[in-house]
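Subject: Handover of a structure, with notes

Dear colleague,

I am passing on the structure below, together with notes on what was found in it. Please read the notes with the structure open beside them.

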Amino acid sequence: MPASPLQSLAVLIPAALLLTLFSLRYDPQKPHARWMRHGVVGLLLLCIWNLLPLPHLGINPLSAMVTGTLGLPGLGLVAVMNMLP
């Protein structure tokens, strides 16, 4: 069932406000900026992985942070952890 325009707006407006808040407070020297950068890099790596014909990995904040912090070894770690029962 497709989302109504009001539901879409209810998601997009807070996301835009959070993005604006983060961009106004972004200082590369502070630890929270490093965490944001690691999270975005991890999210991008996980999205690229899921575009490939490989087993899909779940995207959540923890897997994005592990992947972003460790880089390609973190991506492998998340893939191995995804295969565990």
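At the start of helix α3, a side-chain oxygen of Asn60 comes to within 3.2 Å of the backbone nitrogen of Leu62, which is a polar contact in the sense used here (a pair of N or O atoms within 3.5 Å, where within protein one must be able to donate a hydrogen and the other to accept it, and residues adjacent in sequence count only if both atoms are side-chain atoms). Helices here are DSSP runs of H or I with at least four residues, and they are numbered from the N terminus.

Before going further, please note that this is a predicted model, in which local features need pLDDT of at least 70 and side-chain atom pairs count only at pLDDT 80 or more, while totals for chains, interfaces and linings use all residues. Residues are numbered from 1 along each chain as its sequence is written, and side-chain values use heavy atoms, with hydrogens and water left out.

As to confidence, the mean pLDDT of the chain (pLDDT being the predictor's confidence in each residue, from 0 to 100) is 84, and 96% of the residues reach 70 or more. Within the chain, helix α1 (residues 5–25) has the lowest confidence, with a mean of 79, whereas α4 has the highest, at 92.

Helix α3 and its partners

Helix α3 (residues 61–70) and helix α4 (residues 72–83) have axes that come within 5 Å of each other and cross at roughly 145 degrees; the axes are lines fitted to C-alpha atoms, for helices over the stretch in contact, and angles run from 0 to 180 degrees between N-to-C directions. On the α3 side the contact (heavy atoms within 4.5 Å) is made by Ser63, Val66, Thr67 and Leu70, and on the α4 side by Leu72, Pro73, Gly74, Leu75, Leu77 and Val78. Sorted by class, this contact has 7 nonpolar residues, 3 polar ones and no charged ones, where Ala, Val, Leu, Ile, Met, Phe, Trp, Tyr, Cys and Pro count as nonpolar, Asp, Glu, Lys and Arg as charged, and the others, Gly among them, as polar. After α3 comes Gly71, whose phi is positive, near 80 degrees.

Which residues of α3 are buried? They are Ser63, Ala64, Thr67 and Gly68, with buried meaning under 20% relative accessible area, exposed over 50%, and partly exposed in between (1.4 Å probe, protein chains only). These residues lie on the same side of α3 because they cover an arc of only 125 degrees around the axis, the arc being that of the directions from the helix axis to the C-beta atoms. What covers the buried residues of α3 includes α2 (31–51) and α4, while the face turned away from the buried side carries the exposed residues Pro61 and Leu62.

Thr67, in helix α3, is buried with a relative accessible area of 0%, and its side chain reaches the backbone oxygen of Ser63 at 2.8 Å. Not counting residues up to four places away in sequence, Thr67 touches Gly42, Leu45, Leu46, Gly74, Leu75 and Val78.

Leu46 belongs to helix α2 and counts as buried, at 0% relative accessibility. Leaving aside neighbours within four places in sequence, Leu46 is in contact with Leu57, Gly58, Ile59, Ser63, Ala64, Thr67, Leu75 and Val78. From C-alpha to C-alpha, Leu46 and Leu75 are 7.3 Å apart in space, although 29 residues separate them in sequence.

Asn50 also lies in helix α2 and counts as buried at 16% relative accessibility. The side chain of Asn50 reaches the backbone nitrogen of Leu57 at 2.8 Å, and, with neighbours within four places in sequence left aside, Asn50 is in contact with Pro55, His56, Leu57 and Ile59.

Leu51, again in helix α2, is exposed, with a relative accessible area of 73%. Leu54 lies in the loop between α2 and α3 and is partly exposed, with a relative accessible area of 36%; the C-alpha atoms of Leu54 and Met83, 29 residues apart along the chain, are separated by 12 Å.

A residue of α1

Leu17 lies in helix α1 and counts as exposed at 58% relative accessibility. Leu17 and Leu70 are 53 residues apart in sequence and 29 Å apart in space, C-alpha to C-alpha.

With best regards

Key: Helices (H or I, at least four residues) and strands (E, at least two) are DSSP runs, numbered from the N terminus.
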